[in-house]
Amino acid sequence: MNLRYVLITAIVVVVIVVLILVFVPHIIYKPTGPSFNELFAYTNNNTYTANYNYYVYSNIAGQVSTEEYLFLYSQRGPMDRYIVVTTTSSPQMSLYIVTTQLSNGTIVQCVAEPMYAGCFPANQTFNLVYLALPIVNSSSFTLIGTQKILGYSAYCYASRNVTTLGSVMPSAVQAGLGSVPVNVTSEICMTQDGVPLLIKLSVFTTLSVSGYSAPLNLTQTLQVTSIQDGVYLSNNATTLLNSLGINATR
């Protein structure tokens, strides 16, 4: 047998084996864990209090801006929500929100901020995921892996779709840009109990105005800093409700 032929064949076999070892595990690897819907169902019903850092980045036609907030979120079961959003810059300003069900069955949402304070009936309550993501199509989220966040084992999911700028930024409708298509990427990492540890929304498109093209890139991120399982800040919520004339809670 030709020795050169044997050597070439051996080299080809080795290369094929190396390629299989390198690429096949990545091709066939699929993270395992609960579906997004399984954990998402817990987010409406569990009780917890968590603090987050809230970052907002925007690049609109080269005009870059960043904002940072402290975000306190507390919920009890499917109805009670207490939220405080505080700016990190001076002078510090805070927005307070309470959503609860009154003894007569009416759901109310009360808001207190520097320029406004009051209560109004609400059709439904919400959870942090719905609050942070304008559009949540639960069937579009796929498991992308796990990671440790704040000592918790988190399951992470991602969704990528195309929608309109107006559905993500209602203010774009008034500017006549509501129908502009945008690429949206949503990422969520949750504990086994469905507590959100990381929520990230990224929006990208290219605007064409008067023959000029300009990028539009928006990103907002909620990153957890602390969690209290089974704790709802009921005293804080009650104090705010009473100050706004609401004392008929369940």
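So, the largest cavity: about 90 Å³ of space lies in there. By cavity I mean a set of points on a 1 Å grid, over the protein atoms alone, where a 1.4 Å probe fits but cannot get out. The volume is the space filled by probe spheres set on the points, with points joined across faces, edges and corners. Keep in mind this is a predicted model, where local features need pLDDT of at least 70 and side-chain atom pairs pLDDT 80 or more, while totals for chains, interfaces and linings use all residues. Numbering runs from 1 along each chain as its sequence is written, and side-chain values use heavy atoms, with hydrogens and water left out.

How many cavities of 30 Å³ or more are there? Just one by this rule.

Who lines the largest cavity? Residues with an atom within 4 Å of a point, including F141, N161 and V184. β8 (152-164) gives the largest share, three residues, and β9 (181-190) supplies at least two. Those strands are DSSP runs (E, at least two residues; helices are H or I, at least four), numbered from the N terminus. By class, it's six nonpolar, six polar and no charged. Nonpolar here is Ala, Val, Leu, Ile, Met, Phe, Trp, Tyr, Cys and Pro; charged is Asp, Glu, Lys and Arg; the others, Gly among them, are polar.

Now the second largest pocket, with about 210 Å³ of space. A pocket is an open set with protein on both sides within 12 Å along at least five of seven lines. β3 (80-87), β4 (94-101), α3 (128-132) and β11 (212-229) each supply at least two lining residues. The lining has 10 nonpolar, one polar and no charged residues, with Y54, F71 and Q220 among them.
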